[in-house]
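These are my notebook entries on one protein model. I record what I looked up and how each term was defined.

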Amino acid sequence: MLDNAGQLAGFLNMSATHNNVTGAADSYGLFNKITMFCWGLGYFGMPHILLRFMAIEDPDKLKISRRVASVWVVLSLAVAVFIGVVGRAMSQAGVLTSLLDPENPTSASKAETLIVVLADSISKNGIGFALIAGVILAGILASTMSTADSQLIAASSAVSENIIQDVCKVDLDEKGAMLTARSTLVVVAVLGVVIAWNPNSSVFNIVSFAWAGFGAVFGPVTILSLYWKRTNRAGAIAGMVTGGLMVFIWKYMVRPLGGAFDLYELAPAFLAAIIAIVVVSLATKEPEEEIVKEFEEVANM
């Protein structure tokens, strides 16, 4: 495995990256590193992550929680990269040939099946290995189901409670709200199946785009609401709209230009949202005195 990785030009180099198409080493400079670190901005806008902070039973536990989470992320991502290196070596050695796509060497959809193909390969070496493979596949299903049901419930409750009743001002009784939530759940689930039906679609690309959307829409307003008391309702709405639109504009209109514009869409969208919040907040009415007072009380705690 190490020999295979060492033979790939630029693969184990912090200032270069391996090009699957040409087989050569491409430059991986400061600009590329900044683009990669922009992924971190997404955490500020992830609802399922922010809810963990809001639900903590004791604020004093935030420090230890932060440390545990940081260590876990480093370990889990390191293992993910290690599995990728192993899969690459096994593919080149002819053990996992199903991962190779001669027509598209950079196929992400093929690469994303690595853990399943690897488990299948392990299971053929005896009953003990088959049990290990079963645990691996069970882990994949468990994590998938865990995330899917959380997102389905969040989507259904958001439509029935926040959109239908709060925004559209439709008064639903308990039965009507339940039917609306269940209908939304079915629709979202079917859409998920349709998206997943394409064997050439990439989970990474879908997650990357969604990550940018959540981060740019909710991240800036979360940060400024916590640290700038001048933030108001109009500014928050302007920031969310600007961030969401900029993700699409940069992804499909600006980034294809390449060069200096080949930047992960989360970074420019995040910056545009912050500017929109500041400008609109300053140009409109200040927050109510009650909100400002609450902000100062929390800031002085």
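In what order do the elements of the protein run from the N terminus on? I read the order as α-β-β-α-α-α-α-α-α-α-α-α-α-α. I counted twelve helices and two strands; helices (H or I, at least four residues) and strands (E, at least two) are DSSP runs, numbered from the N terminus.

**Entry 1: the model and its confidence**

I noted that this is a predicted model, in which local features need pLDDT of at least 70 and side-chain atom pairs count only at pLDDT 80 or more, while totals for chains, interfaces and linings use all residues. Residues are numbered from 1 along each chain as its sequence is written, and side-chain values use heavy atoms, with hydrogens and water left out.

I then looked up pLDDT, the predictor's confidence in each residue, from 0 to 100. The protein averages 85, and 96% of the residues score at least 70.

**Entry 2: extent and burial**

I found that the C-alpha trace spans about 70 × 50 × 40 Å along its principal axes. For burial I used relative accessible area: buried means under 20%, exposed over 50%, and partly exposed in between (1.4 Å probe, protein chains only). Of the 301 residues, 24% count as buried.

**Entry 3: aromatic pairs**

I applied the rule that rings of Phe, Tyr and Trp (its six-membered ring) pair if their centres lie within 6.5 Å; planes under 30 degrees apart count as stacked, over 60 as edge-to-face and the rest as tilted. The count comes to nine aromatic pairs.

Why is the pair of Trp39 and Tyr264 stacked? Their ring centres are 5.1 Å apart and their planes stand at 15 degrees, so the pair is stacked. The pair links distant parts of the chain, 225 residues apart: Trp39 is in the loop between α2 (30–37) and α3 (47–54), and Tyr264 is in the loop between α10 and α11. Tyr264 is buried because its relative accessible area is 3%, whereas Trp39, at 23%, is partly exposed.

I also looked up Phe209 and Phe248, whose centres are 5.1 Å apart with planes at 90 degrees, so this pair is edge-to-face. Phe209 is in helix α9 (residues 203–227) and Phe248 in helix α10, 39 residues apart. Phe209 is buried at 19%, while Phe248 is partly exposed at 49%.

Ring pairs also link Trp39, Tyr43, Phe204, Trp211 and Tyr264 into a cluster.

**Entry 4: a surface patch**

Ile237 lies in helix α10 (residues 233–254) and is partly exposed because its relative accessibility is 39%.

**Entry 5: cysteines and a backbone angle**

How many disulfides (pairs of cysteine sulfur atoms within 2.5 Å) does the structure hold? I found zero. Cys38 is buried at 9%, whereas Cys168 is partly exposed at 46%.

Finally, I looked up Lys169, which has a positive phi of about 60 degrees although it is not a glycine. Lys169 lies in the loop between α7 (127–167) and α8 (174–197), and at 67% relative accessibility Lys169 counts as exposed.

Conventions:
A disulfide is a pair of cysteine sulfur atoms within 2.5 Å.
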